[in-house]
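Please examine the sequence and the model before reading on.

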Amino acid sequence: MNTPYYQSQDLKKFKNISDWSPELGKKFFDYYNSVFEESALSAREKSLIALAVAHTVQCPYCIDAYTQDGLERGVDKEEMMEAVHVAAAIRGGASLVHGVQMMEVYEKRSM
Amino acid sequence: MATKSLKGRVHDLADSSTQLEFLSNGIFAPGGLPSFKEKLNTVQAEALKPKSLEILQMNLGYMCNQVCAHCHVDAGPDRKEMMSRATLEHCLQILKTTPVTTLDLTGGAPEMHPDFRWFVSEAAKIGVEDFIVRSNLTILRANKKYYDLPHFFKDHHIHVVSSLPFYKKDKTDRQRGEGVFSQSIQALVELNKVGYGKADSGFQLDLVYNPSGAFLPADQLALENDFKKALKKEYDIDFNQLFTITNLPISRFLEYLIASENYEDYMQLLVEAFNPAAVANVMCTNTLSVGWDGYLYDCDFNQMLDLKVASPVQHIKDFDLDQLQTREICVSQHCYGCTAGAGSSCQGSVA
């Protein structure tokens with residue numbers, strides 16, 4: 001057996017999670033659909049946020065889905081790459097800011 | 001990007017029967033995705049039938065100054081097919097004797113037809129409610145002999161419908177050819193100058209958005225707002241409406257889908273997005289398409305696949321509206337393009 005853990009066709013089966021828990025599945029997808037509706041933020045802005053988060057959580061399904069969604073919404077490659085850099089900056093920054101903790105421990109333990 | 005049509009390159013897909021065969025096998029072979037006819041049967045018992053005829057769409061010929069990567073017509077400078085004067089006259093006769101309210105001239109670039117101005121003048125005298133010319137925009141700047149077309153359009157109260165796949169250069173030029181975006185912007189400026197696209201001027205200028213790849217168009221109104229904001233801010237350009245049109249898997253777009261290995265995913269996308277509400281308003285139910293050679297089709301896409309109307313009347317010289325109205329509309333798997341998502345027609349989304 002040499003089957004990869006991630007398979008692109010599994011994305012289409014996402015809705016099947018409701019099969020084993022219809023009530024929770026329904027609640028999740030209702031919530032999910034409401035989140036992405038046009039409101040204080042436009043659906044286009046939400047799509048770009050989703051793309052950035054998809055890179056942060058490194059979900060290949062979400063990257064596939066929100067690149068396609070962005071293309072449909074007329075988001076261009078410069079906008080998509082900027083969103084990915086926002087994700088990278090926050091993710092990298094989150095590592096780096098812990099350096100403060102390292103510095104404090106270092107200073108405290110040192111003479 | 002190719003500089004010649006499929007026909008000019010003697011490509012297999014230049015043959016419509018090869019395209020139809022491709023669309024009927026592979027993932028649509030028995031046991032695979034449902035054919036369009038099967039899918040239609042799940043939402044309505046009957047085949048698609050014409051409603052009353054409203055739109056006469058005439059394809060004046062396949063010659064064009066552009067060779068767009070997604071062109072369903074396989075148009076280009078190397079295509080010489082042109083509608084004859086006799087067929088043009090038959091069309092004028094139909095305008096006089098039928099309840100057609102919209103005349104829609106397309107191509108190729110219809111402006112390149114040698115009888116274009118004569119025909120427009122004659123048809124305008126008959127006085128259809130909505131007289132559309134589908135202009136690729138760059139033709140208006142391609143040669144000095146076309147520079148006065150914005151005035152000519154205005155003088156004949158033409159409703160201009162123009163292709164502009166995006167409000168930025170990169171996506172536009174990748175689909176339509178290097179330099180197309182800047183020439184299109186120049187043409188839009190010229191159309192604005194004579195009043196086209198300006199609020200309350202009465203001179204309608206609509207744009208057509210085609211996705212620049214293997215994906216569906218987004219919500220028509222949301223994209224219209226993006227286009228309006230961007231074109232106004234960057235170029236001070238105004239237009240009236242944006243029509244989103246889904247790329248149908250035929251001709252050069254089919255070539256692209258196959259070459260980029262997107263064909264199966266794209267067809268699955270179209271099938272999954274099948275929308276019964278769009279079926280109710282597909283354009284083939286109120287349109288008749290006339291080919292350059294006078295043959296009649298349910299739509300411009302069927303024309304390119306050589307699917308003539310399923311009627312004893314197949315040519316404009318034998319035109320008989322009552323008989324044509326009893327026909328069944330010819331369908332194949334490309335029809336999924338018009339029923340996906342918000343639906344698609346030459347007048348934009350339909351659901």
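Q: Which residue of β4(B) stands opposite B:Ser135?
A: The residue opposite B:Ser135 is B:Ser162 in β4(B). The model is predicted, so local features need pLDDT of at least 70 and side-chain atom pairs count only at pLDDT 80 or more, while totals for chains, interfaces and linings use all residues. Residues are numbered from 1 along each chain as its sequence is written, and chains are lettered from A and ligands numbered from 1 in the order in which they are written.

Q: Why are β6 and β8 of chain B called edge strands?
A: The open sheet has eight strands in the order β6-β5-β4-β3-β2-β1-β7-β8 (chain B), with mixed pairing. Strands β6 (242-244) and β8 (296-297) each pair on one side only. Helix α9 (residues 220-235) of chain B packs on this sheet, touching β5 (205-209) and β6, and its direction makes about 135° with that of β6(B).

Q: Why is β4(B) described as largely enclosed?
A: A residue is buried if 20 or more other C-beta atoms lie within 10 Å of its own, exposed if 12 or fewer, and partly exposed in between, with C-beta atoms placed from the backbone. Five of the five residues of β4(B) are buried, so the rest of the structure largely encloses this strand. On one side the buried residues are B:His159, B:Val161 and B:Ser163, and on the other B:Val160 and B:Ser162. In a regular strand, side chains alternate between the two faces of the sheet. In β5(B), four of the five residues are buried.

Q: Why are α2(A) and α3(A) called roughly antiparallel?
A: Axes are lines fitted to C-alpha atoms, for helices over the stretch in contact, and angles run from 0 to 180 degrees between N-to-C directions. Angles under 35 degrees count as roughly parallel, over 145 as roughly antiparallel, 65 to 115 as roughly perpendicular and the rest as oblique. Helix α2 (residues 43-56) and helix α3 (residues 60-72) of chain A pack at about 155°, with axes 9 Å apart. These two helices, α2(A) and α3(A), are therefore roughly antiparallel.

Q: What makes α3(B) roughly parallel to α4(B)?
A: The axes of α3 (residues 85-97) and α4 (residues 116-126) of chain B come within 10 Å and cross at roughly 10°. That angle makes α3(B) roughly parallel to α4(B). Their contact involves residues including B:Leu88 and B:Leu92 of α3(B) and B:Phe119 and B:Ala123 of α4(B), where contact requires C-beta atoms, placed from the backbone, within 7 Å.

Note on methods:
Two strands pair if DSSP finds at least two bridges between them. Two residues are in contact if their C-beta atoms, placed from the backbone, lie within 7 Å.
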